[in-house]
Amino acid sequence: MAKKKTMAPHVVPGRLYVPYFNYYGALGSEFYKQLRDNKKITGVKCPTCKKVLVPPRSVCAVCFNNLNELVEVSSRGTVQTYTVIYYTYSPSNQPADIPYAYGIIQLDGADSGLCHLLGEIAPDKITIGMRVEAVFKDKCEGNILDIKYFRPV
Amino acid sequence: MRTALGKKESQEYLGISNLVNLPFNWSAGPYLGRWLIELRDNGKLWASRCSKCQRLLLPPRVICGICHVRAPEWPNWVELSGKGELIEWEKVVAPQMNPSTGKIEQEPYIHGNILLDEGVTFQHHLEEPDETKLKEGARVEMVLKPKHERKGLVTDILYFRLVKE
């Protein structure tokens, strides 16, 4: 049988380019407004279980209540857990140069953890239960990076 | 809604701008790839033919969608004249986003469905400044880009236009 003729693959260039705008929603807007204008971190309090959720969400996952009572929480808290990133996977979408650390921080007055960067500390010095405080940007723009990172108290 | 201080204010909605920007290359495969290469290098329009039901497949497909049998490979294809009749057309006036540039394209264009003389339909842009000349059954012909501008894409076909009498 004759050898089958093959052709080089014809490669077609493509690109998906989609600029978009994502609304934070009613409670999320209030959260970022307080962050931007007053440098305050807010949570939402469930009227049934009395838990304070940070960042605020509109429904309590335990009681299924609609939530709308915003309360201020402290900008200091405790590291519940953390992870260190040593790998660059998408430079434009990563908030810092490697190695950097994410922590889940339970703020004083809140009952849930807030995920954010841990800064001003070597990654191998971070411990669970460490006390940290938020460092705010000088010029806030209404996004989560208005908090630059959390640093040890 | 109550704010952190318990008083009512008019709601300001905030959000964040973001961008999806994904370049990618895809291989057109032996059938569509050969079709695009022929369009680019020789300016020829081909269609594959189902070996069972004998209908033409344009752009050429590996498998006939009705008979589920394999169509022969190039060059056992049918060369098309690029001429045919206009079946129907529509003027698209709604602005649409070009997914490869993210830009909203405001310019209206005419999209036509053409029955080629070999008996297969093909859809492409129609170029005709005077819309009143467009009639069902009007003779149209394919116009390609000049050879040095062709890139092996379906946009190498510029448009179809009415055949001048």
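Reader: What makes strand 5 (residues 83–92) of chain B and strand 10 (residues 139–144) of chain B a pair, and in which sense do they pair?

Author: A strand here is a DSSP run of E with at least two residues, a helix is a run of H or I with at least four, and both are numbered from the N terminus. Two strands pair if DSSP finds at least two bridges between them. Strands 5 and 10 of chain B have three bridges, in the antiparallel sense, so they meet that cut-off. One bridge partner of B:Glu85 in strand 10 of chain B is B:Arg139.

Before we go on, this is a predicted model, in which local features need pLDDT of at least 70 and side-chain atom pairs count only at pLDDT 80 or more, while totals for chains, interfaces and linings use all residues. Residues are numbered from 1 along each chain as its sequence is written, with chains lettered from A and ligands numbered from 1 in the order in which they are written.

Reader: How many bridges join strand 10 of chain B to strand 11 (residues 157–162) of chain B?

Author: Five bridges join them, and the two strands run antiparallel. Look for B:Met142, which stands opposite B:Phe160 in strand 11 of chain B.

Reader: How do you know that strand 8 (residues 109–116) of chain B and strand 9 (residues 121–126) of chain B pair?

Author: DSSP gives six bridges between these antiparallel strands, and B:Ile114 stands opposite B:Phe122 in strand 9 of chain B. Their hairpin has four residues between the strands, and B:Gly119 takes a positive phi near 95° there.

Reader: Which elements make up the secondary structure of chain B?

Author: Chain B comes to one helix and eleven strands. From the N terminus on, the order is β-α-β-β-β-β-β-β-β-β-β-β.

Reader: Why is strand 2 (residues 41–45) of chain A called largely enclosed by the rest of the structure?

Author: A residue is buried if 20 or more other C-beta atoms, placed from the backbone, lie within 10 Å of its own, exposed if 12 or fewer do, and partly exposed in between. Five of the five residues of strand 2 of chain A are buried, so the strand is largely enclosed. Side chains in a regular strand alternate between the two faces of the sheet. Here A:Ile41, A:Gly43 and A:Lys45 on one side and A:Thr42 and A:Val44 on the other are all buried. In chain B, 18% of the 165 residues count as buried.

Reader: What does strand 2 of chain A pair with?

Author: Five bridges join strand 2 of chain A to strand 4 of chain A in antiparallel fashion, with A:Ile41 and A:Val73 as bridge partners. A:Val44 stands opposite A:Leu53 in strand 3 of chain A. Strands 2 and 3 of chain A form a hairpin with six residues between them, where A:Lys50 in the turn has a positive phi of about 65°.

Reader: How many residues of each chain does the contact between chain A and chain B take?

Author: Two residues are in contact if their C-beta atoms, placed from the backbone, lie within 7 Å. The contact takes 32 residues from chain A and 33 from chain B. Strand 1 of chain A gives the most to the chain A side, with 13 residues. Strand 1 of chain A and strand 1 (residues 15–27) of chain B pair in the antiparallel sense over 13 bridges, and A:Leu16 stands opposite B:Leu22.
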